[in-house]
Amino acid sequence: MSENVRLRPEIAALTAYSQGRSPSADGFKLSSNENPYPALPGVLEAAAARVEINRYPDGAAVALRTELADRYGVEFGEVIVGAGSSSLLQQLFLAAAAPGDEIVYAWRSFEAYPSFVTITGATSVRVPLTDTLEHDLDALAAAVTERTRVVVVCSPNNPTGPAVPGTAFESFMAAVPSDVLVVLDEAYREFVTDPGAVDGQDYLGRYPNLVITRTFSKAYGLAGLRVGYAIGPERLLAAARATAIPFAVTELGFAAALASLERQDALDERVAEIVARRDRLRGALIEQGWNVPSAQGNFVWLPTGEHTTAATDAFFDADIAVRPFVDDGIRISIGEEESIERILAVTSALRR
Ligand SMILES: Cc1ncc(COP(=O)(O)O)c(C=O)c1O
């Protein structure tokens, strides 16, 4: 009887991540903020040509870390890679927080934060977003106590869309004690067009307690290969590395990430298309009367409130899978061009 086996109750109570319903082959999967395009041209071929899958991957990720360090103008030890930035967020939390400690983050934000905190044994402290569904950085800083070990800032915020202003971020960093780790989660940074938005790259080397995380899953279209990276002070990253599952990033992942970095022009072109589509969709939704917050990632937020479940069903009836947050709203990822008209038909009917 497995009921007799003693588990950590808080872990047994966690529900494993659910990917939700899938649309048909002709439908649109706009529920996971994925890139609708395949990997950049030539990336898979280049990666496959370099890989020996009978060997373990390079546990130190030397080639990719060297390339990223070069790109960001930091030392090799100031970059680590992981199996998606999810893995790195979890590693950073594990490195800094334990039972009795607190991890502070805005809410609503990335769904994985609460479970990553629970896994460490620490306690989540959630700070509500503002009325415009942005981070309240003053309130986040004010929520820091003696027990706080980590504060997470998600910019652009998943699932609501706004990015944190750079000036507000600087005041926030000045207010947070330097012995508290700040993680700036920039999974969607490549899609940001607001010139006033924070760019973690501007702050590298400036704060002893700041780590930024980024990913190849979104703009680069490599979600299925699981590669993310973190940049920050070497001592903090070494501790995060110590919590990693050995060899979690595959050699194919390294090779595809490296090949993607060599294709900056193709990346820029794709990102520009997704951004233009995002802005067009948001504009059309606003014209229909929806109060859509600033959208700086590859998704838009539809405030459906108590009608969220019915609205999700309406999308599903149109063969579109979206991400519902019950009694709150729906996140729609920017996908194929042809999806836009179909989304707008659903949202128009929902207004009536
Ligand atoms: C805000 C945010 N951070 C991190 C991630 C993790 O992405 P990955 O583990 O694929 O790098 C996601 C994925 O949806 C996200 O939305």
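## Helix α3 and its end

Helices here are DSSP runs of H or I with at least four residues, strands are E runs of at least two, and both are numbered from the N terminus. This is a predicted model: local features need pLDDT of at least 70, side-chain atom pairs count only at pLDDT 80 or more, and totals for chains, interfaces and linings use all residues. Residue numbers run from 1 along each chain as its sequence is written, and side-chain values use heavy atoms, with hydrogens and water left out.

α3 spans residues 62-72, and L64, R65, L68, A69 and Y72 are buried in it. Viewed down the axis of α3, these buried residues fall within an arc of 130 degrees, so they line one face of the helix. The arc is taken over the directions from the helix axis to the C-beta atoms. Buried means under 20% relative accessible area, exposed means over 50%, and partly exposed is in between (1.4 Å probe, protein chains only). An α-helix has 3.6 residues a turn, so residues three or four places apart point the same way. The cover over the buried residues of α3 includes β2 (79-82), β7 (210-215), β8 (228-231), α8 and α9. Contact here means heavy atoms within 4.5 Å.

Helix α2 covers residues 43-50; V43, A46 and A47 are its buried residues. Down the axis of α2, they fall within an arc of 95 degrees, so they line one face of the helix. E45 and A49 are exposed on the other side of α2. The buried residues of α2 pack against α9 (251-261).

Helix α5 (residues 112-120) is mostly covered, with seven of its nine residues buried. They are A112, Y113, P114, F116, V117, T118 and T120. Elements covering them include α1 (9-12), α4, β3 (102-107), β4 (123-128), β5 (148-154) and β6 (181-185).

## The ligand site

The ligand is surrounded by 14 residues; S85, S86, Y188, T215 and S217 are the closest. A residue counts as near when one of its heavy atoms lies within 4 Å. By class, this shell has five nonpolar, six polar and three charged residues. Ala, Val, Leu, Ile, Met, Phe, Trp, Tyr, Cys and Pro count as nonpolar, Asp, Glu, Lys and Arg as charged, and the others, Gly among them, as polar. Helix α4 (residues 84-96) gives the most to the shell, with four residues.

D185 places one 2.7 Å from a nitrogen atom of the ligand. Y188 has one 2.6 Å from a ligand oxygen atom. For R226, the distance to an oxygen atom of the ligand is 2.7 Å. The protein covers 92% of the 390 Å² of accessible area that the ligand has on its own. Areas come from the Shrake-Rupley method with a 1.4 Å probe.

## Two residues in helices

T347 belongs to helix α12 (residues 337-351). T347 is buried, at a relative accessible area of 0%. Its side chain reaches the backbone oxygen of L344 at 3.1 Å. Leaving aside neighbours within four places in sequence, T347 contacts L285, Q288, W290, L302 and F315.

L236 lies in helix α8 (residues 234-242). Not counting residues up to four places away in sequence, L236 touches L181, P208, N209 and V211. L236 and N209 are 27 residues apart along the chain, and their C-alpha atoms are separated by 8.1 Å.

Note on methods:
A polar contact is a pair of N or O atoms within 3.5 Å; within protein, one must be able to donate a hydrogen and the other to accept it, and residues adjacent in sequence count only if both atoms are side-chain atoms.
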